[in-house]
Amino acid sequence: MSYEGLFLMWIAVWFVVGYLLGSIPFGMLLAKLMGLGNLRDIGSGNIGATNVLRTGNKLAAALTLLLDGGKGALAVLLGAAVTGGDLGLAAGFGAMIGHCYPVWLRFAGGKGVATFLGIVLAMNFWMGLGACVAWLAGAFATRISSMGALVASVAAVPLAYLLEGQATAFIVALLAALIFWRHRSNIARIVAGTEPKIGQKS
């Protein structure tokens, strides 16, 4: 097998590793373990931390946020540690796809915000910190969680280019595009002025 073929194989392997990590639906698992019901029947029906918060259980929401972010970070760190190269990017991309389209939930997963933040934090701490600050600024200025996610994803792209270079910026741009795609219904509600505020039940 040629070097190029071997490299492509390793990209595929680490994408799958990342996908499997990312596909763990921590929000749904925690909701069941803590007796909060089926998240599909609550609020927006999403499996992420924002919808877990609509159950009224702040601990469950915080744990979901940390675990969803953690699985994205772990994928990147594992890939980078084992391969010593850029395959952490493939693992991180796989984790994002796994969270948004988990096979266990018939490919109907979350919107990827916490996982995205975990991924960019693992890629570069300062890039991730900048994205987190952007999320906080967007969310607190508008009191709309999805607005924070959109602002953070946009901010992460130039930060990735400045701090890590073109290859990382390309992956982050793909992840940001996925964030926008997964939030297309939120964007429509933001434009219409009907998007729920943070802490408000939808």
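**Exercise 1.** In this predicted model, find which helix gives the most residues to the lining of the largest pocket.

*Solution.* Begin with the helices that each supply at least two residues of this lining, namely α3 (49–53), α4, α6 (113–123), α7 (125–142), α8 (145–164) and α10 (184–192). Among these contributors, α4 gives the most, with 7 residues. The space in the largest pocket comes to about 1,200 Å³, and of its 48 lining residues the closest to the centre are G48, A49, T50, N51 and S145. Sorted by class, the lining holds 17 nonpolar, 21 polar and 10 charged residues.

**Exercise 2.** Determine which element gives the most to the lining of the second largest pocket, and describe that lining by class.

*Solution.* The second largest pocket holds about 160 Å³ of space and is lined by 12 residues, with D86, L89, M123, E164 and T168 lying nearest its centre. Two or more residues come from each of α4, α5 (87–100), α6 and α9 (166–182), and α4 gives the most, with 3 residues. By class, this lining has 7 nonpolar, 3 polar and 2 charged residues.

**Exercise 3.** Locate the salt bridges of the structure, and decide whether the partners D68, K71, E195 and R189 are buried or partly exposed.

*Solution.* There are 2 salt bridges in the structure. One joins the side chains of D68 and K71, at 3.4 Å from N to O, and both residues lie in helix α4 (residues 58–83), 3 residues apart, or about one turn of the helix. Since buried means under 20% relative accessible area, D68 at 3% is buried, and K71 at 4% is buried as well. In the salt bridge of E195 with R189, the closest N and O atoms are 2.7 Å apart; here E195, at 10%, is buried, whereas R189, at 29%, is partly exposed.

Terms used
Residues are numbered from 1 along each chain as its sequence is written. This is a predicted model: local features need pLDDT of at least 70, side-chain atom pairs count only at pLDDT 80 or more; totals for chains, interfaces and linings use all residues. Side-chain values use heavy atoms; hydrogens and water are left out. A salt bridge is a side-chain nitrogen of Lys or Arg within 4 Å of a carboxyl oxygen of Asp or Glu. Helices (H or I, at least four residues) and strands (E, at least two) are DSSP runs, numbered from the N terminus. Buried means under 20% relative accessible area, exposed over 50%, partly exposed in between (1.4 Å probe, protein chains only). On a 1 Å grid over the protein atoms alone, a cavity is a set of points where a 1.4 Å probe fits but cannot get out, and a pocket is an open set with protein on both sides within 12 Å along at least five of seven lines; lining residues have an atom within 4 Å of a point. Grid points are joined across faces, edges and corners, and a volume is the space filled by probe spheres set on the points. Ala, Val, Leu, Ile, Met, Phe, Trp, Tyr, Cys and Pro count as nonpolar, Asp, Glu, Lys and Arg as charged, and the others, Gly among them, as polar.
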